[in-house]
Amino acid sequence: MFSSGQDPYDPNRGGVPSPRGMSDFNARFEAMGPDAPMPAKVVTTRMLMYIGGTCGVLLSLVFLLPLAFPTDMMAQALDEQTALMAEEGVEMVMDVETMRALMAVYALVTGLYGVASLMLGRRLSRRTVGAYWGVVVFQGLAGLFLLWNVLGGGLLMLVPLGFTCWMLANMFSKEGRAHYGLL
């Protein structure tokens with residue numbers, strides 16, 4: 001037992017653990033405190049958004065690179081690719097202007113994704129409801145776009161789709177919602 005003068009419910013001693021199977025009710029309120037640290041799940045989502053945003057911006061620069069080459073040089077490279085594909089029995093019907101327009105669209109889409117992801121990742125630290133829902137809507141739209149690509153045959157899109165679903169699950173978790181005051 002306890003010697004006299006010791007309180008078994010003293011918080012400095014560790015107290016009595018809560019019964020198993022019952023959630024810690026006060027933990028949710030502590031997560032909503034103004035000085036509460038960001039939960040690990042939200043930190044993971046923020047880190048993945050920074051990584052995805054950086055990759056998007058860098059990929060955008062890669063797509064812009066061919067636009068710096070002269071048209072005749074690009075036409076020669078496209079002719080070589082058309083000849084190689086013809087050997088495989090695939091007919092490629094694309095001119096230089098179409099290829100340049102396609103590269104510009106790819107650069108725009110990946111660049112916008114990268115910049116938006118970096119900006120939203122930065123706003124997650126502000127703990128506003130707008131930042132929370134901005135990330136949820138952004139990742140939801142990205143997930144729908146990736147799912148559309150997977151259903152269209154782009155099986156390589158399963159990897160980013162998995163990361164997108166993981167980020168959404170982290171934001172919808174109890175810890176994520178409590179951190180933004182949405183319990």
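1. The lining of the largest pocket holds 19 nonpolar residues, 5 polar ones and no charged ones. Here nonpolar covers Ala, Val, Leu, Ile, Met, Phe, Trp, Tyr, Cys and Pro; charged covers Asp, Glu, Lys and Arg; the others, Gly among them, are polar. A pocket is an open set of points on a 1 Å grid over the protein atoms alone, where a 1.4 Å probe fits, with protein on both sides within 12 Å along at least five of seven lines; lining residues have an atom within 4 Å of a point.

2. This is a predicted model: local features need pLDDT of at least 70, side-chain atom pairs need 80 or more, and totals for chains, interfaces and linings use all residues. Numbering starts from 1 along each chain as its sequence is written, and side-chain values use heavy atoms, without hydrogens and water.

3. The largest pocket has 24 lining residues; T110, Y113, L146, M157 and P160 lie nearest its centre. α2 gives the most to this lining, 7 residues. Helices are DSSP runs (H or I, at least four residues), numbered from the N terminus.

4. The largest nonpolar core has 13 residues, and M49, L124, V135, M171 and Y180 have the most contacts inside it. α5 gives the most to this core, with 4 residues. Such a core joins buried Ala, Val, Leu, Ile, Met, Phe, Trp, Tyr and Cys residues through side-chain atoms within 4.5 Å; buried means under 20% relative accessible area (1.4 Å probe, protein chains only).

5. Beyond its neighbours within four places in sequence, L124 is in contact (heavy atoms within 4.5 Å) with residues including M49, V135, M171 and Y180.

Definitions and conventions:
Helices (H or I, at least four residues) and strands (E, at least two) are DSSP runs, numbered from the N terminus. Buried means under 20% relative accessible area, exposed over 50%, partly exposed in between (1.4 Å probe, protein chains only).
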